[in-house]
Protein chains: 2
Amino acid sequence: MSNFKGIQKARDRIVKYIKHTPLHHSTYFSQRSGHDIYLKLENLQNTGAFKIRGAANYILQINSSTGKKGVITASSGNHGKAVAFIASHVGYPAKVVVPTDASLSKVEAVKNYGAKIIYWGKASKERIEKAKKLSKEEKLTFIHSFNHPWIIEGQGTVGLEIIKDLPDVETVLVPVGGGGLISGIALAIKENNPKVKIYGVEPFGGNSMYFSLQAGKPTELKNINTIADGLRSSQPGDLTFALVKKYVDNIILVSDAEIKIALKTLLTKEKLLAEPSGVVTLAAFLAGKVPSKNERVVAVISGGNVDAEIIKRLL
Amino acid sequence: MSNFKGIQKARDRIVKYIKHTPLHHSTYFSQRSGHDIYLKLENLQNTGAFKIRGAANYILQINSSTGKKGVITASSGNHGKAVAFIASHVGYPAKVVVPTDASLSKVEAVKNYGAKIIYWGKASKERIEKAKKLSKEEKLTFIHSFNHPWIIEGQGTVGLEIIKDLPDVETVLVPVGGGGLISGIALAIKENNPKVKIYGVEPFGGNSMYFSLQAGKPTELKNINTIADGLRSSQPGDLTFALVKKYVDNIILVSDAEIKIALKTLLTKEKLLAEPSGVVTLAAFLAGKVPSKNERVVAVISGGNVDAEIIKRLL
């Protein structure tokens, strides 16, 4: 199981590969919301997203003879890029299973770090099965994108940085896909100070954590349809579900229209580019869905990898 | 005259109104250039540009009975916005003289801070004369956008932050318009360590500092034509010219095409939005115009105020 000590050890382990990202006070979002809002800028993280924290924490714990046989993951986006990046830095071969309709730009980013691309299926479930099968056949280490203690502890280092930079934080908002990021952050922050409130934010069209919490167990979403491509996970893991159930105060749901406005507002008012998944926390503020007032709030901006075409359409 | 002590005092004076902006290590620009490149993110500064530093340092030194009569400046952009912002915070009335063809979005930003807009002429020279005339008639304090010791010392606080965050910096690149920013930064950094190299960067179509240095004195450019609207100053001031002559190692010139590529690259690779004037330093790197290799270099990104339409056209 993940724990606070594990997050502290993760921080020391991955320090060479990651940035301690800025916590940027946003005048604009503070004025709009009536809160005092700080943005945790993981869009400025190496590889453009928080995923490198978990990937580094996992890969650096594989013993080197195993690692040299190779690592494999299933991801169409930021996790695949992160695994490829870290594997290339430590000299392990990497394979990434991507959907047959993967966007060229994301595939290119993974290829640029020297990983091998395997096109397979469209649903994340099919790809995970394929990656696990190959991992057995070829003795590669399979690296899940969220449901593993080392991944969760790696992502939790975001929480340690928030506590360090804003010790009197009162509320933290975190985007939720499979739940790795919010599990790690909630664990780090609540074990330090249980009074801090943690809210997850999901898109209406990809609300698997909300749906699972209602059902009382990890439950598969049949239909997923959201612009937030990093949050299209169809089901939380057992580990991330348990941590969210234990530590997270509430899940807020936002629409694609709200996400688009948040992305444009962040860009024009705060001069920061984020991907749709990265701004669901800001969408929650702009839509007036964050309870209470006048609190010191951190909104995690989880990543910034978005195609120029999408930005162009939103402006 | 401006001096190092004055910059230190400016820092203490303006601390409530400004951000100590992040110094962001850029993996992408480092790999592209062969240098180790840090971006000084004044695009994330309050009001979206460094100008607030000088404006605050000036306005906070006016005695309050004089201040209450009002302040006036001539600016079509970031300096006007900064003066309006600080004046509104300390409760002084403000007037800003803008060109008759000023962009609506920039005028709106100034108005939003409660300043009164006066449309006058097209050239900066005409506007400055008009503002000075009104300042005499209406007993308003005229605040020049660059050629004053308090303005220069205010902008110099950028230099103090660079020294603090990267004590072993070897080279600093700074955009040059009227020369207020580079004068302050060069003074702060060279008086601390004369070995650090300071390069100014100007657009070919607005190279008044380069032209004046060649001529040996502040000299007026007759034709100005560049996308970098914050660097369209037709002539350096006597104070800024003297400081640049004394402290700056060289001026690098870049084209509008190079500026456009730099803006797009910063946005897509580093997830940061800057205005054309703000990225001339990056244009110099991408064009291979920065001498030597393997140095710790700071590129100042001076501001981020750019219309959505311009971003759209560049993507």
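User: In this predicted model, what makes β5 and β6 of chain B the edge strands of the open sheet?

Analyst: Look at the order, β5-β4-β3-β6 in chain B, 4 strands with parallel pairing. β5 (116–119) and β6 (141–142) each have a single partner strand, so one side of each has no neighbour in the sheet.

User: How do you know that β3 and β4 of chain B count as paired?

Analyst: Pairing takes at least two bridges, and β3 (residues 71–74) and β4 (residues 94–98) of chain B share 4 bridges in the parallel sense. As for B:V71, B:A94 is its bridge partner in β4(B).

User: Over in chain A, why are α1(A) and α8(A) called roughly perpendicular?

Analyst: Helix α1 (residues 4–14) and helix α8 (residues 149–165) of chain A pack at about 85°, with axes 8 Å apart. The range for that label is 65 to 115, therefore α1(A) and α8(A) are roughly perpendicular to each other. Among the residues that meet are A:I7 and A:A10 in α1(A), and A:G156 and A:L160 in α8(A). By class, this contact has 5 nonpolar, 5 polar and 2 charged residues.

User: And what makes up the side of chain A that touches chain B?

Analyst: 18 residues of chain A are in contact with 18 of chain B. The largest share of chain A's side, 3 residues, comes from α14(A). That side divides into 9 nonpolar, 7 polar and 2 charged residues.

Conventions
Residues numbered from 1 in each chain as written. Chains lettered and ligands numbered in written order. Predicted model: local features only at pLDDT ≥ 70, side-chain atom pairs only at ≥ 80, totals over all residues. Contact = placed C-beta atoms within 7 Å. Helix = DSSP H or I, 4+ residues; strand = E, 2+ residues; numbered from the N terminus. Nonpolar A, V, L, I, M, F, W, Y, C, P; charged D, E, K, R; others polar. Axes fitted to C-alpha atoms, helices over the stretch in contact; angles between N-to-C directions. Parallel < 35°, antiparallel > 145°, perpendicular 65-115°, else oblique.
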